[in-house]
Amino acid sequence: MLSRVADSLYWMSRYLERAEHTVRLLDVNFSMTLDPSSTSEEERWKRVLAALGRPAGLEWNGDFYSLVHALAFDKENPASITACISAARENARQVREEINSEQWQQLNRMYHRVTEGTPEKGHWLDEFSTATLNDLHLFQGATDTSMTHGEGWQFIQIGRSIERATSIAALVDVFEWDAAPENISEGAGSQQFLEWIGLLRCCTAFESYCNVYTADLVQPQILQFLLLNKEFPHSVRYSIDQLRCALLALQEGSGRLVAEELSRVAGRLQASLTFCDISEVMNQGVGSYVRNVSQQCREIHSLIYRDYIKYKVQVALSL
Amino acid sequence: MGTRHGSAYLRNYLLDQAFDEMFEPDGEVRPHYRVLFEIFRSLPEEELMRLKHSADMSFLTQGITFTVYGNEAGTERIFPYDMLPRIITGAEWRHIERGLIQRITALNLFLEDVYNEGRILRDGIIPGEIVYSCPQFRREMRGLRVPRNVYIAVTGTDLLRLNDGSFVVLEDNLRVPSGVSYMLTSRRVMKRAFPQTFRSYGVRPIEHYPQVLLSALRSLAPEGRPEPTIVLLTPGIYNSAYFEHTYLARQMGIELVEGRDLVVHDNVVYMRTTAGLRRVDVIYRRVDGDFVDPLAFRADSILGVAGLFNAYRAGNVTFANALGTGVADDKALYAYVPAIIRYYLKEDEILPNVETFLMTDRTQRQHVLQNLDKLVVKAVSESGGYGMLIGPHSTEEQRVEFRNRIEANPRNYIAQPTLEFSRSPCLMGGKDPSIEPRHVDLRPYILYGDKVTVVPGGLTRVALRKGSLVVNSSQGGGSKDTWVLHD
């Protein structure tokens, strides 16, 4: 596969995952402002901005609508959902021959829908989020059922896993873990309880969490679930497992390149998530733990580029 | 018209001296259009508009769009598409096919000749200055042998049908002809929209075009490369024909590469893949020749690959089409094509040319300057309907401008009579749908590998604006499916 094509597929996938994550953050936080909360509106939206990596040029200015508008519809703002979907489509357009018609048509339809105009204030977000999530799921479905699970598909997996792991890590990072009381289940219905539900919902984790732990929202369990759960597709560990699988498949498929260092770094990260105990994480400090995970993801990203995409011609010729 | 055939659709239908593809001059439906005519006449309006809408949507979601230049950056539009197919009988097609094969064979021999011995110039058939002053002549191609001596692997020749029903050649596109994807996708849309009509007609298939193209490209591989790697070189997503590039690459199963994907090392071309560098043998070039190598041609090109031309000269890679083929579709050289056919093939041309006045010739120039309001003036190196003066539709101001331009640089212009060419019925949407005649041309695609092949069909382009003679998509043109019938 052409390196440029791999690059485009990787970014197409990252942008779509980013769009999906942003949709959820907006949707969940918007609905949370409808209930009384210990978190002020300002705190809440600042936290959302922080979880999205503090997009350049965006500040909380007291107006919820303008912020949501900027994050959802503003084509000029590269962090907006619309911009992410446009960027994904732009990447797909560059590799139009690599993805199949179902995928392309689905992505194209979604693009035309989100760019055709800003919905009216008031009754837009719910409709917009639902339609966008549906579209994203359809695209994902088309990708998994109709695209060959070859190299291109693996790059799509890699993009999604890295984006997902880092965005969940960033989201976990903006919450105050160490200060909160350890067990808040007795205060069910209390405001902190709602915040935890919100966090889980942002990761589509609430129902799955309840299946495992019941509706008792306990900090270590929440962390365990979001960071270390082996089976939940939006946990950091699951994402890194997927990433590792895809990297191994890639290495096997492309034969010539050894990518030893990449393999080592990804393996180390996977091992640390697999064999880690949540109390260790909490002792060490949740923030520093998840920041470390993000740092390693960035390192993996650079190594993928070095080995598969932007390699030096001299190096390739000497192999 | 409307009352005669009992159809409200035809209330605005105009028949005059122009050849109408569907109707005889007396208003009778031509035999090969009868079935189609009956079907359309019996379709309720809503049904027709529904089919049209679903066809439009299918173009949009498939991303079958083209980019309009000079508009807001990267505006994507769907290629306007007409639902009524243009039908060509088997006998008409056989004539066209023979004519095209003859013409392309001769033009290819001409290219081989001018880039090698130059016999045709020595024998005085064509004045040397026409060739050497052509901006598309590439000195760098002198003495370079190309595989099988094939210079023009892909051609799209534009034909018009005159009032007497005969076909003439308007121009040969020998550089990077485009539009074939519209031919292929229009067919798919038509088949979906009108399956019964299609079945009852016996239309010759065109779906094998990508395979024929692929085998033509394969046959042009450098010697000693039995399993050649073939790529399609595109300028990238901002090119107006990008959709077509992706479409053809996918249909042929070859890599779609941009200049930045290729590297040249020791005169061998490689592409960068995730598994390292892979050798490239044949480049189906959809980048203009001047841009392929910044070292050999335009230094400001960022679409090309440094060293690519040397690899070509060394015989390690094939370009299709070859470089410098533009010398044979120069609009001034066009006037000599009948002579070229006679010189190399000792035959008369089967498809005639349009009468052409050369501005380099004093008497012809005088004639043209006196008749600017009746003639069409074209810049020899422009295409796509740009740089044209259509006399009868021009203003005094435009004519003065062209007069000055012609006098300043006569080699750069030619003139032709304003042609009355054929019209074909088109479905006009809007509140009150109707069927109206619009001017059409025909661009069949000719492939040249180990032999010359013409896929039965082509792109019928339509000048959708009423009365307009310009069929180019950049200037308000559209397309329709072209059906060549079995007899």
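**Entry 1. A helix pair in chain A**

I started with the residues that join two helices of chain A: in α1(A), Ser8(A), Trp11(A), Met12(A), Tyr15(A), Leu16(A), Arg18(A), Ala19(A), Thr22(A) and Val23(A) meet Ile81(A), Cys84(A), Ile85(A), Ala87(A), Ala88(A), Asn91(A), Ala92(A) and Gln94(A) of α4(A). Sorted by class, the residues of this contact are twelve nonpolar, four polar and one charged. I note for all entries that the model is predicted.

I then looked up the geometry of the pair. Helix α1 of chain A covers residues 3-32 and helix α4 of chain A covers residues 81-94; they pack at an angle of about 160°, and their axes are 8 Å apart. Angles over 145 degrees count as roughly antiparallel, and α1(A) and α4(A) are therefore roughly antiparallel to each other. I recorded the crossing of α1(A) and α4(A) as left-handed.

An α-helix has 3.6 residues a turn, so residues three or four places apart point the same way.

**Entry 2. Chain A as a whole**

I looked up the secondary structure of chain A and found 15 helices and zero strands. The radius of gyration of chain A is 20 Å, close to the 20 Å of the globule rule for 319 residues, so chain A is as compact as a globular protein of that length. I took the box along the principal axes as well: the C-alpha atoms of chain A fill roughly 65 × 50 × 35 Å.

**Entry 3. Leu250(A)**

I picked one residue of chain A, Leu250(A), which sits in helix α11 (residues 236-254) of chain A. Is Leu250(A) buried or exposed? Leu250(A) has 25 other C-beta atoms within 10 Å, and the cut-off for buried is 20 or more, so Leu250(A) is buried.

Leaving out residues up to four places away in sequence, I found that Leu250(A) touches Glu151(A) and Gln154(A). I also took the C-alpha to C-alpha distance from Leu250(A) to Ala79(A): they are 30 Å apart in space and 171 residues apart in sequence.

**Entry 4. Chain B as a whole**

Along the principal axes, the C-alpha atoms of chain B fill a box of roughly 70 × 60 × 45 Å.

I found that 47% of the 487 residues of chain B count as buried. Of the contacts in chain B between residues at least 6 apart in sequence, 68% join residues at least 24 apart.

**Entry 5. Where chain B touches chain A**

I looked up the interface and found 22 residues of chain B in contact with 24 residues of chain A. On the chain B side, the elements that give two or more residues are α10 (242-252), β7 (255-257), β8 (262-265), β9 (268-273) and β10 (276-279). By class, this side has eight nonpolar, eight polar and six charged residues.

The buried residues of α10(B) include Tyr242(B), Phe243(B), Glu244(B), His245(B) and Met252(B). Just after α10(B), I noted a positive phi of about 70° at Gly253(B).

Notes: Residues are numbered from 1 along each chain as its sequence is written. Chains are lettered from A and ligands numbered from 1 in the order in which they are written. This is a predicted model: local features need pLDDT of at least 70, side-chain atom pairs count only at pLDDT 80 or more; totals for chains, interfaces and linings use all residues. A residue is buried if 20 or more other C-beta atoms lie within 10 Å of its own, exposed if 12 or fewer, and partly exposed in between; C-beta atoms are placed from the backbone. Two residues are in contact if their C-beta atoms, placed from the backbone, lie within 7 Å. Axes are lines fitted to C-alpha atoms, for helices over the stretch in contact, and angles run from 0 to 180 degrees between N-to-C directions. Helices (H or I, at least four residues) and strands (E, at least two) are DSSP runs, numbered from the N terminus. Angles under 35 degrees count as roughly parallel, over 145 as roughly antiparallel, 65 to 115 as roughly perpendicular and the rest as oblique. A crossing is left-handed if the near helix is turned anticlockwise from the far one by less than a right angle, and right-handed if clockwise. Ala, Val, Leu, Ile, Met, Phe, Trp, Tyr, Cys and Pro count as nonpolar, Asp, Glu, Lys and Arg as charged, and the others, Gly among them, as polar. The radius of gyration is taken over C-alpha atoms; the globule rule is 2.2 Å times the number of residues to the power 0.38.
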